[in-house]
Each structure stands twice: as C-alpha cells, then as structure tokens.
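Please look through the structure shown here before reading the report that follows.

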Amino acid sequence: MLDPSFQFAVNPSSGVPIYRQLMDQVRAMIASGQLVAGDLLPSVRQTADELSINMMTVSKAWSRLESEGLLERERGTGMRVAPPLASGTVRERKLDLTPLADPLVTRGQQLGLTDEQILDVVRSVLRGKKR
Amino acid sequence: MNTEEVVRVSGLCKSFEARQVLNEIDLTIPEGSVVGLLGKNGAGKSTLLKCVLGLLKPTSGSIRVFNEEPWHLSSESKSRIGYVGQDINLYPWMKVGNVVDYVGSFYPNWNSGFARKLLSRWDLPVDERVGPLSQGQQQKLALVLALGHEPQLLILDEPVAALDPSARREFLRTLLEIAHDPQRSIVFSTHITSDVERVADRVVFVKDGRIVYDSPLDVMKDGVKRLRISASSNLPDTFAIRDALRCEVRGRHALVAVPDASDSMLRELEARWDAEVLVEDLSLEEIFLELHSTEPLMAAATGEAS
C-alpha cells in the first residue's frame, strides 16, 4: 500500500519553514511522477516521528496541499494524492507553467540552441509522455 | 482567564536591587503549545521562567499559572509542573535508581514505568551513584525527574546545554512525544536555535528584559526576510524601511531585514528606487542575529514587532 522507501528530508535550519519544505517535496514528487493519483501519503504521526519534527508542522503541510487540491483526505485512511485536475482557464494554467518554462529557455540559450532546437526538445519530451 | 491558557503573564517587571531584569513582559502559553524562548545570555529568560514557577517574586505585574498565583501555588498545581533549571543539584550520595524512586514518592501521579523507560533510553546507569556522573548525565537524570509525573506544563531552562548531539536528539524525540499530547505545554529556553526549529511551534525572543518578538515559528520564517536591494543610482542616506530589523546602505546597494516581507512591498521598492530586489530566506539563527545586530534600529522596531 505504502512505498516504504517513501521518505522526506527536511532541514529545520533552513530559512524555509518545515511545512513548506514538505509541501515542496510532495509537489515535486507529484510533478516527477514519483507519486501518482491514489497514492497514500504516510500519516502525520509517522512522518513527524521519522523526521523528529512537530506533528502540527506535518499536519499543516498536508492540509495546505489538500486545500490546493493536490491531496484528498480519505476518512480513516489518511491523505491520498488527488487525481490531476484542470482547474482555471487555459490562460491561468499557462501562466502557471510559465515560471517553469523560463529556466528551460534560459538554459537552452546558454547551451547555444536556437529557438527551434529548444522547441524540438520540448516536443520530444511531450512525445515521450504520450499515452 | 481562558481555561485553555496554562500561563498568563501580564506587565511583569522584575528588578534585583536597582537592576531591572524584566520589563513589562506579556506572555501567554495556551494548552498544547511548545514555546521556544530565545535570547542572549543575560537577556532575562531564566528570571522570567523562575517568576512563572514562583521561585522568584515579581516586582510588579501579574502571573497566573493554572489560574493561580505562582507565589502561592497549590501543591495540586505544583504536581502538574515539571522543571529543570540550569543549576542541577541532585543527591550525589544516592544511586540513580534510588533518586528516581525517592523523587517519585513525592508525586501521587508518578509514572515509574515511564521513568524507567527514560532511564534506559538515555543510558543512565541505575546502580551507580549520582555524584560521579558527568554533567550531561546529571542533566539527563534531572530531565527524567522532571518528566516522571507526566507534567502538563514542562518548563526547561537550557535543557540541552550539556548534552552531546545524540543525547540531544534522543531528548528532542521525547519532547516531541510529549508535545504530541494536545493537553501538555512546554516552554524551553535555549540558544541552540536548531532545536527550537524542530520542536517549537512558537518562538519568543527576549532581549534586554523585554519580549521583542513573539510569533508562530512558521509565520516568522515566512515573514522575516533579508532583502538585497540594488538600485539604479545611489540611495539617499535617509533610505529606510518601516519596522526594519536592520538596514545598511552602501552606495546604490542596501541590505535590509524586514519582519514582514510582502509582494506589494517588494513591487513598491522596485518601482520607487528602480531597483532589483533579491529576497533571502532566513534561518532562526540568522533571524536571531538580525534581531541582535544594530541596537538603535532595533529599539525603533521593537515597539511595533512585539
């Protein structure tokens, strides 16, 4: 049910609050496909114990992700990864993607690629994701 | 007083002779919270804790603990408090196990099973005498004695000062287990900021006898930021940001720590000075240092922040 290798790492001494670090890691795991819809997250208690952090911190992270629609609370079981939802207008969703596209384009330019070559890369990644 | 408040301090002042150590302290500890008390040596943390415990009499102001005055605390309320101070004076001639049994006998609610568990978890030799134990081991023993009756209010003054890193981690784990009970509250003073970051949900900074910052840890980390401002031309000497904890201007660059950075504030700075603003997250240790950097600026900011 639960991948035992599933683990978070937090740095309490970072300037980023621990709950945000957890949120970022769950988001990253979802974005990278490490976590897919329906996956169960470890419980608040378990996560807090493993990381030696306050339970309220974990609870806050999970709840925020729930209100963002990335997680779903399932009574008696815990938090599951929610199915991806296309909310907002196309414009809004494009806007959401832009900050991720910016570093891609910058890096491409640093590597001396033309616009068309950068787009080729994006297209080939897209082809790889085709289901 | 709200029943969910375990401690309420208002307008507390404490002077020793002519020296004022605490100045108009207001502090509330709700049930279930874990408060990290931070400040430099001599800031007044221990005096504050001792006043809350009824070990020192306030010069003025009021303190309520379990809705009683600490100076006249009932024994019932005392049995709900656990405390470890900085000077640990145990019974050097007794064996570790005997000290635990002896102290436990004073408490009707002593959990000897839990105390024994802590002894073994913290590698304390039950059959050895207390006297020759190292400072760190004595500190661990004092913690066992403060935890054995499962107090509702745990007050710890520099609890980890003498502990090695692995003992500190063990101790923090125990503290977290306690904190996971929503009815129990913990107040601990320390200058090891990373411990606070793991365990505390709220941070209180004490400086020169005053509380200069009191906020949930997450809110503090979300809000307190260091801005590196690079303007297109030299910034005026009068350059300032309201409530700034620190503000250094050099030519067209400025380094400013603000208690509450917001997007609108950044946009405004960028527009007003035609500047590029870099925002840096700060760890608790860095925030600590920012709060203690330039004295005159701090004095101006404290009134707003506290």
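## The nonpolar core

The largest nonpolar core has 98 residues, and those with the most contacts inside it are Val52(B), Ile155(B) and Phe205(B). A nonpolar core is here a set of buried Ala, Val, Leu, Ile, Met, Phe, Trp, Tyr and Cys residues joined through C-beta atoms within 7 Å, and a residue is buried if 20 or more other C-beta atoms lie within 10 Å of its own, exposed if 12 or fewer, and partly exposed in between, with C-beta atoms placed from the backbone. Helix 5 of chain B (residues 135-147) gives the most to this core, namely six residues. Helices (H or I, at least four residues) and strands (E, at least two) are DSSP runs, numbered from the N terminus.

This is a predicted model, in which local features need pLDDT of at least 70 and side-chain atom pairs count only at pLDDT 80 or more, while totals for chains, interfaces and linings use all residues. Residues are numbered from 1 along each chain as its sequence is written, and chains are lettered from A and ligands numbered from 1 in the order in which they are written.

Leaving aside neighbours within four places in sequence, Phe205(B) is in contact (C-beta atoms, placed from the backbone, within 7 Å) with Leu38(B), Gly39(B), Ile211(B), Val212(B), Tyr213(B) and Leu291(B).

Strand 8 of chain B pairs with strand 3 of chain B (residues 34-38) in the parallel sense over four bridges, and Gly36(B) stands opposite Val203(B). Two strands pair if DSSP finds at least two bridges between them. With strand 9 of chain B (residues 210-216), the pairing of strand 8 of chain B is antiparallel and runs over six bridges, and here Val204(B) stands opposite Asp214(B). The hairpin of strands 8 and 9 of chain B has two residues between the strands, and in it Asp208(B) takes a positive phi near 45°.

## Two domains in chain B

Chain B is divided into domain 1 (5-208) and domain 2 (220-305), with bounds that come from an automatic or database domain assignment. Taken over C-alpha atoms, the centres of domain 1 and domain 2 of chain B are separated by 36 Å. Eight residues of domain 1 of chain B are in contact with six residues of domain 2 of chain B, and helix 7 and strand 8 (202-207) of chain B each supply at least two residues of the domain 1 side.

The secondary structure of chain A comes to five helices and two strands, which run α-α-α-β-β-α-α from the N terminus on. The radius of gyration of chain A, taken over C-alpha atoms, is 18 Å, well over the 14 Å that the globule rule gives for 131 residues, so chain A is more spread out than a compact globule; the globule rule is 2.2 Å times the number of residues to the power 0.38. Of the 131 residues of chain A, 21% count as buried.

How many residues does each chain give to the contact between them? The contact takes 21 residues from chain B and 13 residues from chain A. On the side of chain B that touches chain A, the largest share, five residues, comes from helix 6 of chain B.

Methods
Two residues are in contact if their C-beta atoms, placed from the backbone, lie within 7 Å.
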